[in-house]
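Here is a short report on one protein chain. Look over its sequence and fold before reading on.

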Amino acid sequence: MSNAAFWKGVLPAITTPFNADGSVDHAFLAKHALQLVEAGCTAIVPLGSLGEAATLSFEEKIAIIRTLVKAVDGRVPVVPGIASLSTDEAVKLAQAAKAAGAGGLMVLPVYVYTSDWHEAGAYARAVLGATDLPCILYNNPVAYRTDILPAQIAQLAGEFPNLQAVKESSGEIRRFAAIKELLGDRLVLLVGMDDAIVEGLAMGAQGWIAGLVNAYPVESVKLFELAREGGYAAAAELYHWFLPLLRLDTVPKFVQLIKLVQAKVGMGSETVRAPRLVIEGAEREAVLKVIDHAMATKPSL
């Protein structure tokens, strides 16, 4: 599959559902993935920040990949996030993900340790070189405190033919133009922040690694298609309805918030794994107002 075809469309950063006892709910995970594929999503991206990957064991991660590969049955690729506290474990995880049937990998910065490009680049090279799977490089300096600059992305693209896309979540809209200036169409640009999707598509992005899609898959796919075909003017009505929800994707408690939206619309449970806790009190009331308003005013597509 060519890189352009592989990464176009809405790629859900799927949440990890948990049972009441804290174990992974594999039955719901499989069902949820199919709901997303049926709505028109083009890949499933587990084990990212939204998937609470930092709280999952190595074995749990591989079991999740296996469940998803079996559930989607070749209809779309499963593209797990690869992140770890150590380079060695990240390499092993990438190789185990391939063995479990992953169709691609999303390469995150190393957890916890923030460093310079000399070290961050060495880590990225080790993971990109661990398999021949097509890869997305994930740049999210807000969350991971490591910023991979356009010139550094270009360096990696020159060294690794399997690096096919970049998920840009710096919040800096000028980055897309800078990457395009250096690389042309060599990498597919992916929007990584829900509340920047229309802007990102206007700057040449072709894919969206999305969060609120977990609760509103049909609306997410429609928003993407409207913005891709007709820009802001075509997408404005749906975007304005969706934006208060999409903004829940870019705050520290985004996992709890997106899972709460899922629970409210009947697309999952809000159970999270500690240290995260279900949101309570005034914070909960404020978010429920946003969710209830969105549910009451949802446009017919």
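How many cavities of 30 Å³ or more does a search of the whole structure find? The search finds one. A cavity here is a set of points on a 1 Å grid over the protein atoms alone, where a 1.4 Å probe fits but cannot get out. This is a predicted model, so local features need pLDDT of at least 70 and side-chain atom pairs count only at pLDDT 80 or more, while totals for chains, interfaces and linings use all residues. Residues are numbered from 1 along each chain as its sequence is written, and side-chain values use heavy atoms, with hydrogens and water left out.

**The cavity**

The largest cavity holds about 50 Å³ of space. Volume means the space filled by probe spheres set on the points, which are joined across faces, edges and corners. Lining residues have an atom within 4 Å of a point. Among them are T15, F28, H32, K259 and S269. Helices α2 and α11 each supply at least two residues of this lining. By class, the lining has two nonpolar, six polar and one charged residues. Ala, Val, Leu, Ile, Met, Phe, Trp, Tyr, Cys and Pro count as nonpolar; Asp, Glu, Lys and Arg count as charged; the others, Gly among them, count as polar.

**The sheet**

Seven strands form an open sheet in the order β1-β7-β6-β5-β4-β3-β2, with parallel pairing. Its edge strands are β1 (9-12) and β2 (81-82), and each pairs on one side only. Two strands pair if DSSP finds at least two bridges between them. Helices (H or I, at least four residues) and strands (E, at least two) are DSSP runs, numbered from the N terminus. Strands β4 and β5 pair over five bridges.

**Helices and their angles**

Contact means heavy atoms within 4.5 Å. Helix α8 packs on the sheet and touches β4, β5 and β6. Helix α10 lies across β1 and β7. Axes are lines fitted to C-alpha atoms, for helices over the stretch in contact, and angles run from 0 to 180 degrees between N-to-C directions.

| Helix | Partner | Angle |
|---|---|---|
| α5 (residues 117-128) | α7 (residues 150-159) | about 30° |
| α8 (residues 174-183) | β6 (188-191) | about 170° |

The axes of α5 and α7 are 11 Å apart. In α5, W117, G121, A124, R125 and L128 meet Q152, Q155, L156 and E159 of α7. This contact has four nonpolar, three polar and two charged residues.

**Two backbone details**

The peptide bond from A274 to P275 is cis, with omega near 20°. P275 lies in the loop between α11 and α12. E52 has phi near 55°, a positive value in a residue other than glycine. E52 sits in the loop between α2 and α3.

Technical notes:
1 Å grid on protein atoms, 1.4 Å probe; cavity = no way out; pocket = protein on both sides within 12 Å on 5 of 7 lines; lining within 4 Å.
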